[in-house]
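I opened this notebook to record what I looked up in one structure. The entries follow the order in which I worked.

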Amino acid sequence: MKEETDPIYLEINKYADENFIPVLLPETASFLAQIIRLAKPKKILEIGTAIGYSAQIMLRNSDAQLYTVEVEEKRIDVAKKFFEKAGVSDRVTVFLGDAGEIVPMLTGEYDFIFMDGPKTRYIEYLPYLDKLLKKDGILLCDNVLFNGMLSGDTEVIHKKSSIVVKIEEFLQALYHNDNYVTSVLPVGDGLSLSIKTERNL
């Protein structure tokens with residue numbers, strides 16, 4: 001897989017390891033590259049830039065314009081350096097701030113949205129993302145199985161139970177929305193893949 005040998009990807013992962021910053025698991029990174037190549041999006045919205053690993057994958061597997069939201073300024077500074085190294089800076093717009101404040105202010109349509117921000121707030125962002133995602137667009141969300149606690153493979157840790165409840169609420173909202181076709185995939189820490197159909201099936 002390219003992500004395992006590419007110098008920039010390797011450098012990002014090394015920085016992440018040294019600074020204890022979570023990035024996509026290898027199988028999740030591979031899936032993201034595949035779905036981006038299949039979907040061929042022109043305009044992508046990302047919730048949770050971190051240091052730009054997932055953004056790099058989306059940009060370098062498409063010719064899309066990427067709009068990405070991150071609350072930590074230091075992480076954005078690092079991400080921008082990696083964007084410059086990869087030669088993709090001209091296709092990235094970074095929004096610094098809380099996604100809960102930024103996302104409701106966004107306008108226009110996106111044909112691909114990748115959400116990898118605070119898990120307890122997925123349900124909060126969903127109504128706004130629904131308005132931003134165009135028909136036949138894809139909403140892909142990471143960590144929806146939350147270390148196996150949502151699939152039943154792992155016992156729910158008491159101090160994490162509120163996170164589990166919020167993720168389950170989010171998934172149920174997707175499942176019961178007739179305008180979406182949603183599947184949860186056992187890839188990495190779990191991915192929800194939703195296609196906006198705007199019609200009952």
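I count two strands as paired if DSSP finds at least two bridges between them. Helices (H or I, at least four residues) and strands (E, at least two) are DSSP runs, numbered from the N terminus. I worked on a predicted model, in which local features need pLDDT of at least 70, side-chain atom pairs count only at pLDDT 80 or more, and totals for chains, interfaces and linings use all residues. Residues are numbered from 1 along each chain as its sequence is written, and side-chain values use heavy atoms, with hydrogens and water left out.

**Entry 1: the chain**

I noted eight helices and seven strands in the protein chain. Of its 201 residues, 49% count as buried (under 20% relative accessible area; exposed is over 50%, partly exposed in between, with a 1.4 Å probe and protein chains only). I then took the contacts (heavy atoms within 4.5 Å) between residues at least 6 apart in sequence; 65% of them join residues at least 24 apart.

**Entry 2: strand β1**

Which strands pair with β1? I found β1 and β2 parallel, with five bridges, and L45 opposite Y67 in β2. The path from β1 to β2 passes through α4, and this β-α-β crossover is right-handed: with the strands pointing away from the viewer, the path from the first strand over the helix to the second runs clockwise. Strand β4 (residues 110-115) also runs parallel to β1, joined by four bridges; there, I47 has M115 as its bridge partner. Because four of the five residues of β1 (residues 43-47) are buried, I recorded the strand as largely enclosed by the rest of the structure.

**Entry 3: A33**

I located A33 in helix α3. Is A33 buried or exposed? A33 is buried, at a relative accessible area of 8%. I also noted that its C-alpha atom is separated by 8.6 Å from that of R60, 27 residues apart along the chain.

**Entry 4: the largest pocket**

I used a 1 Å grid over the protein atoms alone, on which a pocket is an open set of points where a 1.4 Å probe fits, with protein on both sides within 12 Å along at least five of seven lines. The largest pocket holds about 720 Å³ of space, the volume being that filled by probe spheres set on the points. Its lining has 35 residues, the closest to the centre being P22, D116, G117, P118 and K119; lining residues have an atom within 4 Å of a point. At least two lining residues come from each of α3 (26-39), α4 (53-60) and β2 (65-70).
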